[in-house]
Each structure stands twice: as structure tokens, then as C-alpha cells.
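Good morning, and thank you for coming. I would like to guide you through one protein structure, step by step. Please keep the picture in view as I speak.

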Amino acid sequence: MNYDIFNGDADGIIALIQLRLANPKQSTLITGVKRDIELVRKTNPVEGDSLTVLDISMEKNVEALESALNAGAQVLYFDHHRSGKIPHHTGLEAHIDLDPNTCTSLLVDQVLEGQFHLWAITAAYGDNLIKRADELCTKAGLSKSQSELLREFGTLINYNGYGTAVTDLHYHPADLYQSLLNYSSPFKAIEDADSPFHKLREAYELDMQKALSVESYHSENTLTVFELPYKPWSKRVSGVFGNLLANKNPDSAHAVLTMNIDGSYTVSLRAPLNNKKGAGDICSQFATGGGRAAAAGINALPKTKIGDFIQSVRNYYA
Ligand SMILES: [Mn+2]
């Protein structure tokens with residue numbers, strides 16, 4: 001049995017699109033909302049199985065990874081999140097790079113020697129690596145309007161991944177993957193009026209209008225905080241809204257707090273784009289937090305801890 005295990009955001013989905021366009025394979029798809037990253041344990045591999053694992057932290061999956069390897073499975077792993085100690089095992093091929101200016105789809109692009117480079121650029125935009133993606137567009141000879149379309153597409157696929165449960169999403173990430181796999185280039189999907197690009201574009205605009213009408217909860221030079229209500233649109237828009245704010249004001253950190261059903265908050269923290277450091281360390285100080293240097297989150301921050309959170313961000317970037 002082959003398992004394709006991938007993060008439900010743009011980077012995870014597009015990493016797999018590239019691999020399966022290059023090397024088609026029947027597989028069981030394991031994915032979920034963007035925050036659902038402990039995915040390897042949802043498999044039950046035996047000797048001879050193969051696992052492809054994309055864009056989810058190895059540290060968060062290491063026990064299940066080790067048991068898969070010990071069972072005799074072959075594992076191909078691409079990622080750019082915290083890896084912890086990478087197991088030494090002949091069954092494991094790992095491509096891990098924690099450089100804040102790369103992403104899983106760009107690591108796959110390297111191995112595939114640019115076969116689906118336009119998809120890889122789309123994923124880099126989706127992971128908000130705007131500068132890097134812009135440079136790659138220039139190198140690839142794309143026009144400004146072409147690069148803007150790839151940026152929009154990456155943002156839209158990334159946007160689809162945000163929610164507490166897959167029922168919050170417009171597309172189940174496995175369905176979105178399967179639908180996009182029909183296109184060898186993102187421009188072919190954009191040209192097709194029936195593709196997910198157009199449906200996501202419409203949905204995104206509706207959600208974003210609502211987010212942009214919310215006033216900031218807290219604002220100072222180094223940090224802006226927004227609080228969004230307990231609504232499906234809030235959960236969907238929180239991440240891309242954070243990216244939009246970060247791109248508008250690259251010297252400031254940004255936090256978007258989205259209320260959960262129990263009154264706690266899902267926190268999405270973006271380090272200042274001009275100082276991509278610390279977000280993961282700050283969020284890791286809180287019980288349900290973690291993430292990368294540039295972008296991190298907390299799954300359930302109690303209301304009483306909001307002050308502590310703001311203080312930690314302020315101390316870090318001051
Ligand atoms: Mn990623």
C-alpha cells in the first residue's frame with residue numbers, strides 16, 4: 001500500500017501534485033485542515049508499504065515515523081518545519097531544510113529539477129514567501145500579471161486549508177488535490193472556468209470583506225492584534241488575513257486571535273516580514289503552541305493569557 005500524507009495547505013497539496021505528476025501512483029490520501037499535522041499516526045503501515053510525507057513537522061510525527069520504519073516501510077519525507085532529531089534508518093529518505101525562505105514544494109522542485117516549476121512557485125506564494133516567489137517568477141521570465149495570478153492562486157489554496165474541521169473548508173484538501181492534479185500547470189487551472197481557482201476566488205472575497213471590516217484589538221509599533229468572532233469565515237480567513245496584514249506592514253508582528261467554541265482563542269502569529277524570527281519560540285511558550293520562526297500559532301489560548309501573549313511578543317521584538 002502507498003500512503004500520500006500531506007498538509008492540507010497550498011504547500012502540502014502542491015508538493016504532492018508535483019510528485020504525482022512526475023511519478024503517478026495509486027495511493028491512500030491522508031490529510032486534513034492545515035493545523036492537523038499529526039498525520040503519520042493515521043496510517044498502519046506494514047513491510048513493503050511506502051509512505052510519502054509532505055510539509056508536516058517530523059518532530060510531531062516521529063513516533064509514528066519510527067514505527068513505520070521499524071515495520072519495514074519505506075518513507076520519503078520532505079519538509080521545512082522543526083524536525084527534531086532525524087531518525088537514522090535505511091528506509092528513510094529525508095529532504096529537510098529549515099531555511100525560512102524555502103518551503104516543501106520548493107524542496108520537491110529541486111529534486112524534480114523544475115519539472116513543475118510554476119506549481120512550485122504557486123506554493124511558495126501560498127506559504128507567503130512573496131519575495132522568493134517574485135524572484136523565481138522573474139527568473140522564469142513571467143510577466144507581472146502572470147506572477148500576480150500565481151500569487152493569487154497560491155493564496156487561495158492556502159486559504160482553503162484554514163478551519164477547525166474539514167467541514168469549515170470549501171474543499172476537503174484531498175478533493176482539492178485530486179481536482180488540481182488534472183492540470184500540469186497552474187495557468188491551465190486558471191484558464192478553466194470550472195476549476196477550483198474561480199470558486200475559491202469568489203469565496204475568498206466574501207470572507208476577506210468581513211475580516212477587513214474588523215477594527216484592531218491592540219496596536220503599537222511592533223505589534224498589531226486582531227480578534228475575530230466565532231464564525232466559520234473567521235477560521236477560514238485568519239491565516240491569509242494575517243499574511244495580508246504582514247505584507248502591508250513588514251516591520252511589525254501581527255497576531256490574529258480567532259475565538260473557539262469554548263471561549264479560548266486560536267492564535268496565528270506572523271513575525272515581522274523584515275525580521276523573520278521568534279514566532280515559533282513565542283508560541284511554544286504556551287501550552288498548545290508551536291510553529292516556524294516566521295509563522296506560528298497557538299491552538300487554544302485562554303482569554304486570561306492574552307495579556308501574557310502580547311507581553312511575550314512585545315519583549316521579543318522590542
Ligand atoms: Mn509549508
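Strand β10 pairs with strand β11, residues 295-301, in the antiparallel sense, and 3 bridges join the two. To find the pairing on the screen, look for glycine 289, which stands opposite isoleucine 298 in β11. Please bear in mind throughout that this is a predicted model.

These two strands belong to an open sheet of 6 strands, and its order is β6-β7-β8-β9-β11-β10, with mixed pairing. Which strands stand at the edges of this sheet? They are β6, residues 218-220, and β10, residues 289-291; each has a single partner strand, so one side of each is left without a neighbour in the sheet. On average, neighbouring strands here are turned by 15° against each other, with direction ignored.

Two helices pack on this sheet. Helix α10, residues 232-248, touches β7 (223-228), β8 (253-259) and β9 (265-270), and its direction makes about 170° with that of β8. Helix α12, residues 306-317, touches β6, β7, β8, β9 and β11, and its direction makes about 155° with that of β7.

Let us now step back to the whole chain. Its secondary structure comes to 12 helices and 11 strands. The radius of gyration is 19 Å, close to the 20 Å that the globule rule gives for 318 residues, so the chain is as compact as a globular protein of that length. The C-alpha trace spans about 55 × 45 × 35 Å along its principal axes. Of the 318 residues, 46% count as buried. Among contacts with a separation of 6 or more, 59% are between residues 24 or more positions apart.

How is the chain divided into domains? The domain assignment gives domain 1, residues 2-201, and domain 2, residues 214-317. Their C-alpha centres lie 24 Å apart. Where they touch, 13 residues come from domain 1 and 13 residues from domain 2. On the side of domain 1 that touches domain 2, helix α6, residues 144-160, gives the most, with 3 residues.

I turn next to the other sheet. This open sheet has 5 strands in the order β2-β1-β3-β4-β5, with parallel pairing. Its edge strands are β2 (28-30) and β5 (92-96), each of which pairs on one side only. Neighbouring strands in this sheet are turned by 10° against each other on average, direction again ignored. Strand β1, residues 2-6, runs parallel to β2, and 3 bridges join them. Within this pair, tyrosine 3 stands opposite threonine 28 in β2.

Helix α1 packs on this sheet, touching β1, β3 (50-54) and β4 (74-79), and its direction makes about 145° with that of β1.

After α3 comes glutamate 113, whose phi is positive, near 50°.

Aspartate 55 lies in the loop between β3 and α2, residues 62-70. Is aspartate 55 buried or exposed? It counts as buried, because it has 31 C-beta neighbours inside 10 Å, and the threshold for burial is 20 or more. Leaving out residues up to four places away in sequence, aspartate 55 touches Phe6, Asn7, Asp11, Gly12, Ala15, Asp79 and Thr104.

The second residue, lysine 34, is found in the loop between β2 and β3. Lysine 34 also counts as buried, because it has 24 C-beta neighbours inside 10 Å. Beyond its neighbours within four places in sequence, lysine 34 is in contact with Asn7, Gly8, Asp9, Gly161, Tyr162 and Gly239. Lysine 34 and tyrosine 265 are 231 residues apart in sequence, while their C-alpha atoms are 16 Å apart in space.

Thank you for your attention.

Technical notes. Residues are numbered from 1 along each chain as its sequence is written. This is a predicted model: local features need pLDDT of at least 70, side-chain atom pairs count only at pLDDT 80 or more; totals for chains, interfaces and linings use all residues. Helices (H or I, at least four residues) and strands (E, at least two) are DSSP runs, numbered from the N terminus. The radius of gyration is taken over C-alpha atoms; the globule rule is 2.2 Å times the number of residues to the power 0.38. A residue is buried if 20 or more other C-beta atoms lie within 10 Å of its own, exposed if 12 or fewer, and partly exposed in between; C-beta atoms are placed from the backbone. Two residues are in contact if their C-beta atoms, placed from the backbone, lie within 7 Å. Two strands pair if DSSP finds at least two bridges between them. Axes are lines fitted to C-alpha atoms, for helices over the stretch in contact, and angles run from 0 to 180 degrees between N-to-C directions. Domain bounds come from an automatic or database domain assignment.
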